[in-house]
Amino acid sequence: MLEISITISFIFLSIGLVMATIRLLRGPTLPDRVVALEVIASMTVGFIVLYSISYGVPALIDVALVLALTSFLTAVAFARYLERGAQLNDD
């Protein structure tokens, strides 16, 4: 049962990753692209944790934690950038 649920989770994460990549490429605005990057980073963390669980490699959870923290700091930096009056349209 665990193997089936892990396989289904990998499939759903893959579909979500493809959809987020499409949003990243199509835009239309800079905040849309940044949110898509955040979603991609979160799904990458999900992939790493799921891989760690399915193959029994607990050291990868530390990697996922570092990626999640880096992604959060990137979101905070982008919010500060926008707060200071950045250009929002992609002309």
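**Helix packing and aromatic pairs**

Helix α1 goes past helix α2 in a left-handed crossing. This is how things look in a predicted model, with α1 taking up residues 2–26 and α2 residues 30–55. The two helices pack at an angle of about 160°, and their axes sit 9 Å apart. With angles over 145 degrees counted as roughly antiparallel, that puts α1 roughly antiparallel to α2. Sorted by class, the residues in the contact of α1 with α2 come to 16 nonpolar, six polar and four charged.

The UniProt record, an unreviewed entry, carries the annotation "transmembrane region" for residues 6–25, 34–53 and 59–82. For residues 59–82 the figures are 96% helix and 0% strand, with 36 Å between the end C-alpha atoms.

Now for the rings. Searching the whole structure turns up three aromatic pairs. One of them joins phenylalanine 10 and phenylalanine 47, whose ring centres are 5.9 Å apart; their planes meet at 25°, so this pair counts as stacked. Phenylalanine 10 belongs to helix α1 and phenylalanine 47 to helix α2, so the pair ties together parts that are 37 residues apart in sequence. Phenylalanine 10 itself has a relative accessibility of 23%, and therefore counts as partly exposed.

Another aromatic pair, phenylalanine 78 with tyrosine 81, is tilted: the centres are 6.3 Å from each other and the planes are 40° apart. Here both partners come from helix α3 (residues 60–83), where they are three residues apart, or about one turn of the helix. Tyrosine 81, at 48%, counts as partly exposed, since exposed would take a value over 50%.

Helix α3 also holds alanine 64. This alanine 64 has a relative accessibility of 3% and so counts as buried.

Note on methods. Residues are numbered from 1 along each chain as its sequence is written. This is a predicted model: local features need pLDDT of at least 70, side-chain atom pairs count only at pLDDT 80 or more; totals for chains, interfaces and linings use all residues. Side-chain values use heavy atoms; hydrogens and water are left out. Axes are lines fitted to C-alpha atoms, for helices over the stretch in contact, and angles run from 0 to 180 degrees between N-to-C directions. Helices (H or I, at least four residues) and strands (E, at least two) are DSSP runs, numbered from the N terminus. Angles under 35 degrees count as roughly parallel, over 145 as roughly antiparallel, 65 to 115 as roughly perpendicular and the rest as oblique. A crossing is left-handed if the near helix is turned anticlockwise from the far one by less than a right angle, and right-handed if clockwise. Ala, Val, Leu, Ile, Met, Phe, Trp, Tyr, Cys and Pro count as nonpolar, Asp, Glu, Lys and Arg as charged, and the others, Gly among them, as polar. UniProt positions are given in the numbering used here, feature names are shortened, and annotations may be inferred rather than shown by experiment. Rings of Phe, Tyr and Trp (its six-membered ring) pair if their centres lie within 6.5 Å; planes under 30 degrees apart count as stacked, over 60 as edge-to-face and the rest as tilted. Buried means under 20% relative accessible area, exposed over 50%, partly exposed in between (1.4 Å probe, protein chains only).
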